[in-house]
2 protein chains.
Amino acid sequence: MTLKIALAQTNFLVGDIAANVDNIARAAIHARDELGADMIVFPELTITGYPAEDLLLRADFISAANNALYQLADRVDGIALVVGFPERDGDTLYNSAVVLHQGAILACYRKRVLPNYGVFDEQRYFTAGNQSCVFEFNGTFIGLTVCEDVWRSGIIEDNKEAGAELLLTLNASPFNSGKIHQREAVICSQVKAAQIPLVYVNQTGGQDELIFDGASFVVDANGDIVFRAAEFKEQISVVEFDGNKPIKTSCAPLYVEIASEYQALVLGIKDYVRKNGFQGAILGLSGGIDSALVLALAVDALGADKVEAVLLPSRYTQDMSNEDALLEAKALGIKYHIIPIEPAVNAFTGMLADIFVGTAKDATEENIQARCRGVVLMALSNKQGKLLLTTGNKSEMSVGYATLYGDMSGGFAPIKDVPKLLVYRLARYRNTLSPVIPERVIIRPPSAELAPDQIDADSLPPYELLDPILECYIEKDQSAEQIIAAGFSREDVARAISLVDRNEYKRRQSPPGIRITARAFGRDRRYPITSGYKGI
Amino acid sequence: MTLKIALAQTNFLVGDIAANVDNIARAAIHARDELGADMIVFPELTITGYPAEDLLLRADFISAANNALYQLADRVDGIALVVGFPERDGDTLYNSAVVLHQGAILACYRKRVLPNYGVFDEQRYFTAGNQSCVFEFNGTFIGLTVCEDVWRSGIIEDNKEAGAELLLTLNASPFNSGKIHQREAVICSQVKAAQIPLVYVNQTGGQDELIFDGASFVVDANGDIVFRAAEFKEQISVVEFDGNKPIKTSCAPLYVEIASEYQALVLGIKDYVRKNGFQGAILGLSGGIDSALVLALAVDALGADKVEAVLLPSRYTQDMSNEDALLEAKALGIKYHIIPIEPAVNAFTGMLADIFVGTAKDATEENIQARCRGVVLMALSNKQGKLLLTTGNKSEMSVGYATLYGDMSGGFAPIKDVPKLLVYRLARYRNTLSPVIPERVIIRPPSAELAPDQIDADSLPPYELLDPILECYIEKDQSAEQIIAAGFSREDVARAISLVDRNEYKRRQSPPGIRITARAFGRDRRYPITSGYKGI
């Protein structure tokens with residue numbers, strides 16, 4: 001008997017239960033009527049979106065989700081819906097997948113493996129289920145699983161032992177660079193070992209710091225991918241099964257790594273702006289590489305008409321910086337303003353003159369400049385309802401080479417998880433699509449331009465050394481001795497690590513940004529500010 | 001046989017393993033030599049301090065903690081040490097309590113109940129143990145437990161069944177208002193039911209947002225407290241046991257609620273400044289109640305010579321505000337500056353004039369004023385290495401009645417978890433100790449003074465209504481309908497809730513503050529910014 005299963009790779013708004021249910025019903029009707037599907041499978045916790053975080057602690061929210069799910073059962077017939085929802089049973093909450101068919105619940109599975117590491121806090125909310133769930137549909141025995149379940153060995157085998165001939169997996173699997181290869185490798189190898197085909201449905205879209213990359217797929221019993229949906233966009237596709245055997249169809253090609261990183265950043269900006277109802281975005285354009293990249297990303301995400309740049313030169317801004325910033329703005333066709341910050345800097349200098357008399361110039365004076373820019377940018381953001389994009393990169397965020405309430409101002413920091421060397425690679429990648437970032441911006445030595453002839457290399461190890469040290473320390477939790485043993489100098493390692501250690505307070509107040517590495521700041525890395533730990 | 005047990009209510013620095021081990025050894029020698037103790041019991045995870053958060057994911061940190069523990073066994077003899085540490089066993093980490101005696105490990109217990117709610121993330125780091133641990137010492141059979149264990153019914157009984165005649169509990173139990181009564185009630189009733197005496201040792205001190213209140217105690221088999229250590233300070237005390245029966249000794253009296261809240265705030269400021277190595281603290285003094293209270297707290301925490309205030313008047317600042325601010329500064333004997341913000345406000349107004357031409361005045365212009373104050377305060381903080389204290393209260397933080405990078409600037413926000421009505425009560429309480437806050441500051445209508453004749457009540461429901469609505473919504477997770485049913489108007493509830501819902505982005509960038517309620521912002525309340533959930 002043939003079975004047509006639709007994979008609904010959706011991009012829902014977390015918390016908007018009513019809209020999500022409408023979209024589920026609409027997708028199901030489309031799959032039934034236009035695609036001839038017998039069944040449609042949605043991502044993990046479809047009804048609420050993922051991750052709903054502490055909304056899951058609200059009784060009203062959970063009631064609404066449960067009511068919506070049970071009403072959905074009556075809303076669409078002629079197709080089975082496989083939907084995720086936070087199932088309340090007495091005082092207990094489960095992360096469940098349910099099969100709705102002809103007004104009834106055909107099966108309900110409770111996720112057994114609840115991730116509680118990295119960005120995941122599922123044990124804060126849910127109780128783990130403890131058994132497989134296999135149901136018969138159109139003559140095929142189908143097992144239900146949810147996300148982390150199929151990463152853990154044992155669960156797929158359990159399903160097979162329970163009689164499953166085909167597995168469905170509902171997922172909310174966040175992107176990081178290279179994740180898709182890891183995901184497909186892990187799951188295909190488990191499938192191959194168990195010899196049971198699997199339908200993997202992932203959500204897509206940006207949700208605060210997380211990007212969900214979609215790329216839903218179907219694996220046959222040999223572990224070969226016979227269908228793959230596109231990355232980073234909504235898509236409803238149908239795959240036909242002969243019994244439990246999927247019939248090979250189209251596989252969307254995967255982006256190369258640099259393109260996937262770029263697409264993730266574009267989607268992250270687009271969804272943060274759209275889902276939070278901003279009129280567009282603004283940013284400060286310095287003539288440096290970071291703001292040049294953020295501008296290009298923002299224009300690619302929102303369109304030139306929704307993006308506005310502000311040049312905020314000071315006495316330390318070199319002519320070439322202004323020239324390059326203007327070239328970028330013009331190349332992308334965006335609106336821009338030029339607002340020199342000297343009047344405000346002079347005002348503060350005057351106001352503080354009596355108190356600061358006799359003190360040496362230090363970072364204080366540099367911070368004042370950065371904060372004057374922050375005030376102007378926030379004023380423009382406030383007045384126009386446009387999101388201020390913060391342009392700092394991960395290398396800066398790591399070592400605290402940024403001014404709190406200055407260049408760290410903003411509602412969203414697109415490249416907060418992008419190390420400086422990757423900023424350069426992404427800029428070069430973007431220029432291969434069309435030349436928008438002047439070559440000089442890419443090749444000149446990076447500078448904060450907060451003091452005469454200042455360059456980053458005065459304060460930090462060169463990025464060619466700094467970035468790999470930071471990756472070892474932050475993403476891989478390596479010790480200083482391990483990093484030194486890998487060939488870096490003790491001096492560079494000590495400088496980098498001690499800066500990371502003592503700048504936790506800045507990161508705590510930084511805007512959210514898009515996670516593209518295996519460990520971002522934010523929910524992903526929870527360090528105490530008050531700490532006697534010294535990495536070196 | 002008599003047994004003298006010392007309760008070591010310590011205040012350690014999270015992450016400073018070497019110093020913590022030195023302090024453990026010193027305390028043990030003191031207890032042995034000066035107090036004649038046979039055994040000394042320390043708080044949960046003594047070696048690392050609590051909570052060490054993601055430091056616990058670092059292999060080097062865990063190695064250091066394990067090495068330190070095993071070395072400690074050889075360092076002090078003649079007294080048994082009961083110490084908490086993150087025990088590594090292969091790839092698994094346990095939250096363990098170990099008994100060190102005469103250079104050997106006499107017993108090791110792995111915490112069985114790992115809290116993963118509220119501010120706790122223990123399942124992120126630890127695997128739960130699965131058995132009781134009873135050891136014999138001086139003829140008495142003693143059971144080991146750790147914190148959450150003794151809140152969960154069953155564990156104490158298990159220990160009794162395993163032969164324990166006396167229980168030791170190592171704790172890191174954070175303060176919130178009223179918590180001590182809840183803690184003693186829960187534990188004494190469990191002890192009474194099981195008829196087994198218990199020694200409860202809690203840590204003390206401030207650690208980022210958390211306050212640990214100490215108040216360690218000993219309960220006899222009838223559930224009566226026969227010893228209690230002081231709240232909010234370090235103390236090493238000895239209690240004598242006849243076999244397993246504690247001999248009644250002194251019980252430190254408990255603070256009344258308002259005094260405990262005040263003490264918690266003082267300790268929080270003191271430890272944040274001390275443990276992070278600041279030279280002192282500064283704050284903006286407006287003449288309003290919030291900054292008046294924060295100033296009094298800071299002086300009580302740090303001493304008048306370590307605190308500096310800045311008056312930052314604008315054209316909207318009333319004379320009485322300046323007068324009252326000066327009275328406060330003088331009453332507390334602190335250094336202060338007066339820096340009118342008009343020059344900076346005028347500079348920004350001029351810089352933005354062309355762009356803002358034709359637009360109506362709105363919150364943008366108010367925010368500019370608040371941000372000019374932020375720039376000045378941060379400059380003083382940067383130049384002097386003094387911590388800028390943010391003076392906003394919980395009511396403001398809840399509804400977003402504060403300016404990001406303006407009055408929200410600062411490294412630490414002492415009253416961030418103090419609702420406005422409690423701000424008043426704390427101010428009146430402080431004045432009972434000595435009059436430092438002018439009566440007019442307490443009785444005048446609160447105002448942000450960012451526009452002519454502005455008062456808070458123009459924008460918000462009166463605090464007498466707002467605060468209880470916020471408590472129901474934020475601390476109790478009640479729905480709008482529940483709150484309305486409790487007697488509040490739909491209009492007030494709708495206004496309050498919708499403001500809470502849409503200001504998550506501000507809270508995400510707010511400085512850490514001291515948790516004194518059952519649910520603070522920060523680690524305690526993890527809401528998505530991007531959210532379609534509408535509380536009403």
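Copies are superposed here by least squares on the C-alpha atoms of residues with pLDDT of at least 70 in both. Keep that in mind for the first stop. The model is predicted.

**Stop 1: the two chains**

Show chains A and B together. Chain B can be laid on chain A by a turn of 180° and a shift of 0.0 Å along the axis, with an RMSD of 0.0 Å. The two copies are therefore related as by a two-fold rotation axis.

Where does chain B come closest to the rotation axis? Select B:Gln509. Its C-alpha lies 2.2 Å from the axis.

Now colour the interface. Of the interface residues of chain B, 100% are also interface residues in chain A, so the copies meet through the same surface.

**Stop 2: helix α8 of chain A**

Select residues 319–332 of chain A. This is helix α8, with 14 residues. From first C-alpha to last, α8(A) reaches 20 Å, close to the 20 Å expected at 1.5 Å a residue.

Which residues of α8(A) are buried? Show the side chains of A:Ser321, A:Asp324, A:Ala325, A:Glu328, A:Ala329 and A:Leu332; these are the buried ones. They cover an arc of only 135° around the axis, which puts them on the same side of α8(A).

Turn to the other side of α8(A). Here A:Asp319 and A:Lys330 are exposed.

Next, display what covers the buried residues. The cover includes two strands of chain A, β17 (307–311) and β18 (335–338). It also includes three helices of chain A: α7 (289–302), α12 (420–433) and α13 (439–443).

Step past the end of the helix. A:Gly333 follows α8(A) and has a positive phi, near 70°.

**Stop 3**

Most residues other than glycine have a negative phi, and most peptide bonds are trans. The next selections depart from that pattern.

Start with A:Tyr50 and A:Pro51. The peptide bond between them is cis, with omega near -5°. A:Pro51 sits in the loop between β2 (39–41) and α2 (59–72) of chain A.

Move to chain B. The bond from B:Tyr50 to B:Pro51 is cis, with omega near -10°. Look for B:Pro51 in the loop between β2 (39–41) and α2 (59–72) of chain B.

Return to chain A and select A:Ala215. This residue is not a glycine, yet its phi is positive, about 60°. Its loop runs between β11 (210–213) and β12 (217–219) of chain A. A:Ala215 is buried, with a relative accessible area of 1%.

Then pick B:Tyr405. Its phi is positive too, near 65°, in a residue other than glycine. B:Tyr405 is in the loop between α10 (394–399) and α11 (420–433) of chain B. Is B:Tyr405 buried or exposed? At a relative accessible area of 6%, B:Tyr405 is buried.

**Stop 3: the cysteines**

Select B:Cys133. A disulfide needs a pair of cysteine sulfur atoms within 2.5 Å. B:Cys133 is buried, with a relative accessible area of 11%.

Finish at B:Cys372. This residue is in no disulfide either. For B:Cys372, the nearest cysteine sulfur is that of A:Cys372, 8.0 Å away. B:Cys372 counts as buried, at 0% relative accessibility.

Technical notes
Residues are numbered from 1 along each chain as its sequence is written. Chains are lettered from A and ligands numbered from 1 in the order in which they are written. This is a predicted model: local features need pLDDT of at least 70, side-chain atom pairs count only at pLDDT 80 or more; totals for chains, interfaces and linings use all residues. Side-chain values use heavy atoms; hydrogens and water are left out. Buried means under 20% relative accessible area, exposed over 50%, partly exposed in between (1.4 Å probe, protein chains only). Contact means heavy atoms within 4.5 Å. Helices (H or I, at least four residues) and strands (E, at least two) are DSSP runs, numbered from the N terminus. The expected span of a helix is 1.5 Å times one less than its number of residues. The arc is that of the directions from the helix axis to the C-beta atoms.
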